[in-house]
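Student: I have not looked at this structure before. Can we go through it step by step?

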Amino acid sequence: MRDTDEEPKAPDLVDARLAARLAELRAERGWSLGELAERSGVSRSTLSRAERAEISPTASLLNRLCAVYGRTMSRLLSEVEAEPALLVRAGEQPLWEDRSAGFVRRSVSPPHAGLRGELVEGRLAAGADLAYDRPPVPGLEQHIWVLDGALEVTTQDVEHHLGTGDCLRMRVWGPTRFRCAGPEDARYALVVVLP
C-alpha cells in the first residue's frame, strides 16, 4: 500500500512507444534479457525497466542498444514516431532529451529507410559530457557544425576543439565523446550518413 495519495506518473508517450519498440526488437531476434545484456553491456534490470517504460533511457543506453540492433539513434526514434513526412515544420520536429546528461536532440530531417543521410540538431548544456562507447553503426560518417558556443569532440583518441562556425567531419569506428566546457551551452548541427 502506498503512503501517499499521489498516483504514479504515467510514462511520456514517446518513452512508452520507445519501450514497446525496444521490447519488439529484442523479441524479433528471439533474445532473452540476459542475451541482450551480454551483447550490449547493459544490466538486465536496466533493460527490463527501459522496456517497461519505467525509466527514460539515456543517450548512452540508446547508443548501446542501437549498436546491437544496427540502427542509428535517429532511425530508432523515427520508428516510434508517426510515418516520416517529406517536409517537417520547425514546430513539428521531434525533440528527445537526456536530462541527466544535459543533452537535447532535435530530429531536423526525418530519417527514411531508403535514404542514408539525416540532419540532427544537438544542444549540450555548459558542463555536459556525453560519451558513447561505440558507434550505433560502425563506419558511420558524421559532420559536426557548431552553430553556437564551443564543443570538444574526441574520436579515435584525438580531441578536437570546435568554436562557432567550425565543422568536423569524421567516420566513427570506436568511442566518441562530446563535451561542452562552457561557460555557455553549445548548439550544433549533426549530419549523419550511413556507410
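Tutor: A residue counts as buried when its relative accessible area is under 20%, and as exposed when that area is over 50%. Keep in mind that this is a predicted model.

Student: What share of the 195 residues of the protein counts as buried?

Tutor: The cut-off for buried is under 20% relative accessible area. Taken over the 195 residues of the protein, the share that counts as buried is 43%.

Student: How many helices and strands does the protein have?

Tutor: Both kinds of element are present in the protein. The count is 5 helices and 10 strands.

Student: Is His 160 buried, partly exposed or exposed?

Tutor: His 160 sits in strand β7, which spans residues 158-162. Its relative accessible area is 25%. Buried needs under 20% and exposed needs over 50%, so His 160 is partly exposed.

Student: How far apart in space are His 160 and Phe 178, C-alpha to C-alpha?

Tutor: In sequence, His 160 and Phe 178 are 18 residues apart. Leaving out residues up to four places away in sequence, His 160 touches Leu 151, Glu 152, Val 153, Thr 155 and Leu 168. From C-alpha to C-alpha, the distance between His 160 and Phe 178 is 9.8 Å.

Technical notes
Residues numbered from 1 in each chain as written. Predicted model: local features only at pLDDT ≥ 70, side-chain atom pairs only at ≥ 80, totals over all residues. Heavy atoms only, no water. Helix = DSSP H or I, 4+ residues; strand = E, 2+ residues; numbered from the N terminus. Buried < 20%, exposed > 50% of the residue type's maximum accessible area, 1.4 Å probe, protein only. Contact = heavy atoms within 4.5 Å.
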